[in-house]
Amino acid sequence: MLVSREVYTNGNVTTETYDDGVSGVQTLAAYRYEKEVGGVSYLGKTIQTDRETRANWIGILINAQGNPSYTTPWKTADGSFVTYNAEQAIGAALAVSGHVQNCFLAEEAVTQDLENYTTAEQIKTAFDTAYGG
């Protein structure tokens with residue numbers, strides 16, 4: 001993929017474009033993964049979405065669905081704790097799952113037109129657009 005970087009020489013700034021040797025498929029997959037594990041906002045807090053955390057949310061979802069009085073504390077991405085009731089825990093689990101699904105849907109959409117992009121930035125912009133923001 002073609003990437004650009006700013007080069008500073010004697011106080012002057014120029015933009016240099018070069019081929020980094022990374023394919024569009026690799027660029028897209030890496031960006032999807034970055035977004036996939038980058039967290040999702042829920043009730044004003046960012047919930048981690050790495051693969052280990054997602055596994056934890058499966059257990060929370062099962063417990064919350066089976067027990068309307070269920071509550072669970074959760075440490076959010078900023079290090080603060082929140083306590084979710086059953087309904088909120090279900091919502092959080094679905095937000096996490098939905099985020100991951102949307103990442104793969106965005107990757108699939110961009111893959112359809114991958115040959116139209118020549119830079120990593122174009123791929124990332126297309127992904128963000130397909131994701132919805």
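Modeller: Gladly! Let us begin with Lys 45 and Asp 78, whose side chains meet in a salt bridge at 3.3 Å, N to O. This is a predicted model, in which local features need pLDDT of at least 70 and side-chain atom pairs count only at pLDDT 80 or more, while totals for chains, interfaces and linings use all residues. Residues are numbered from 1 along each chain as its sequence is written, and side-chain values use heavy atoms, with hydrogens and water left out.

Colleague: Why is the pair of Lys 45 and Asp 78 called a salt bridge?

Modeller: The term asks for a side-chain nitrogen of Lys or Arg within 4 Å of a carboxyl oxygen of Asp or Glu. Lys 45 and Asp 78 have 3.3 Å from N to O, so the pair meets the rule. Lys 45 lies in strand β4 and Asp 78 in the loop between β5 and β6, so parts 33 residues apart in sequence are tied together. Helices (H or I, at least four residues) and strands (E, at least two) are DSSP runs, numbered from the N terminus.

Colleague: What makes Lys 45 partly exposed?

Modeller: Buried means under 20% relative accessible area, exposed over 50%, and partly exposed in between, with a 1.4 Å probe and protein chains only. Lys 45 has 25%, so it is partly exposed. Asp 78, with 55%, counts as exposed.

Colleague: How do you know that Arg 32 is buried?

Modeller: Its relative accessible area is 10%, so Arg 32 is buried. Arg 32 is found in helix α1, and its side chain meets that of Glu 107 in a salt bridge of 2.7 Å, N to O. Glu 107 lies in helix α3, so this pair joins parts 75 residues apart in sequence. Glu 107 is buried too. A network of salt bridges links Arg 32, Glu 36, Arg 51, Arg 54 and Glu 107.

Colleague: Which residues of α4 are buried, and why are they said to line one face?

Modeller: Ala 120, Ile 123, Ala 126 and Phe 127 are buried. The face turned away from the buried side carries exposed Glu 121 and Thr 129.
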